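Here is a short briefing on charged side chains and how they pair up. Have the sequence and the 3D view open as you read.

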Amino acid sequence: MHSRKVSKAIIPAAGLGTRFLPATKASPKEMLPLVDKPLIQYAVEEAVSAGIQDIIVITGRGKRAIEDHFDLSFELEENLKESGKEKLLNEIRRISELANFCYVRQRHARGLGDAILCAQHLIGNEPFAVILGDEVLLNTPIRGVYEVEAEEVSRYGIIAAEPAGPRLFKVTDLIEKPSLQEAPSRLAVIGRYILPAAIFPVLEKTPPGKNQEIQLTDALRALARSSPMHALLMNGIRHDAGDKLGFLKATVEFGLKNPELGDRFAHYLKGLKF
Ligand code: G1P
């Protein structure tokens, strides 16, 4: 078996962000900041640090701010240069040089599976990564599944699996957002996937599932029947920043880790009375 390097990542960013209304009424959910960086920048930086060069963002109406964020900003750069703000200038420049960006619009909100299909023509026949920017990972290069609380299973794709090695599972089935009774385990898919191009013809045939959307989980379920599929159990810290409480937790965590603010923020938190 030879392994092929994954050089492209799809970042779906066309969702309406209803869980964060009214904040997301006129601005993309993906641009919500954790301390001082928008959520989507964490996803892009994670992909780049894993060796990915090409980032395909699936966008939709009202998502232009994402394109502007990763583009050159001539006026801003000139302004920072004139006012001698060298450090900020370098940071702003670095963002536009992170990767090769490509944007594809998903015209109808038909679900995650459909969003991935929108990039089929840019992927060709290679394996590729999918990164869901809602999920933020701290300190871990490992991708895969994460054990969630029983009351949380209905928010995720859940796998049925057999142990296949240290923290490695062979996936035998997947169910999108099952009830606690239906859930075959508490192992949730946490928005990091490496997929073969063979997923595209399967997605094309996948009918709408949960919430009447074309679910990536359903296509993976079909694929798992015909070819082996594995999941790695993550043991790092992970937050679902697509959820208000998860977002607050991630903000606190990133705030504490911030080199400029961490100490003062920790001091402030310790002084809070509950
Ligand atoms: C999506 C996937 C789900 C996965 C989750 C991870 O759901 O459909 O299988 O577990 O992301 O965050 P969404 O959060 O888009 O509803």
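E176 is buried in this predicted model, because its relative accessibility of 11% falls under the 20% cut-off. Its salt-bridge partner is K177, and the notes below take that pair together with others. Side chains of opposite charge can pair when their charged atoms come close.

**E176 and K177**
- The closest N and O atoms of E176 and K177 are 2.6 Å apart.
- K177 has a relative accessible area of 26%, so K177 counts as partly exposed, whereas E176 is buried.

**K29 and D134**
- A salt bridge joins the side chains of K29 and D134, at 3.1 Å from N to O.
- This pair links distant parts of the chain, 105 residues apart: K29 sits in the loop between β1 (8-12) and β2 (33-34), and D134 in the loop between β6 (128-131) and β7 (135-138).
- Buried is the label for both K29 and D134.

**R186 and E147**
- R186 and E147 form a salt bridge whose closest N and O atoms lie 3.8 Å apart.
- Because R186 is in the loop between β10 (168-176) and β11 (187-189) while E147 belongs to strand β8 (residues 145-147), the pair ties together parts 39 residues apart in sequence.
- R186 is partly exposed at 35% relative accessible area, and E147 is partly exposed at 46%.

**The wider picture**
- How many salt bridges does the count come to? The count is 16.
- Salt bridges also link K37, E45, E91 and R94 in a network.

Key. Residues numbered from 1 in each chain as written. Predicted model: local features only at pLDDT ≥ 70, side-chain atom pairs only at ≥ 80, totals over all residues. Heavy atoms only, no water. Salt bridge = Lys/Arg side-chain N within 4 Å of Asp/Glu carboxyl O. Helix = DSSP H or I, 4+ residues; strand = E, 2+ residues; numbered from the N terminus. Buried < 20%, exposed > 50% of the residue type's maximum accessible area, 1.4 Å probe, protein only.
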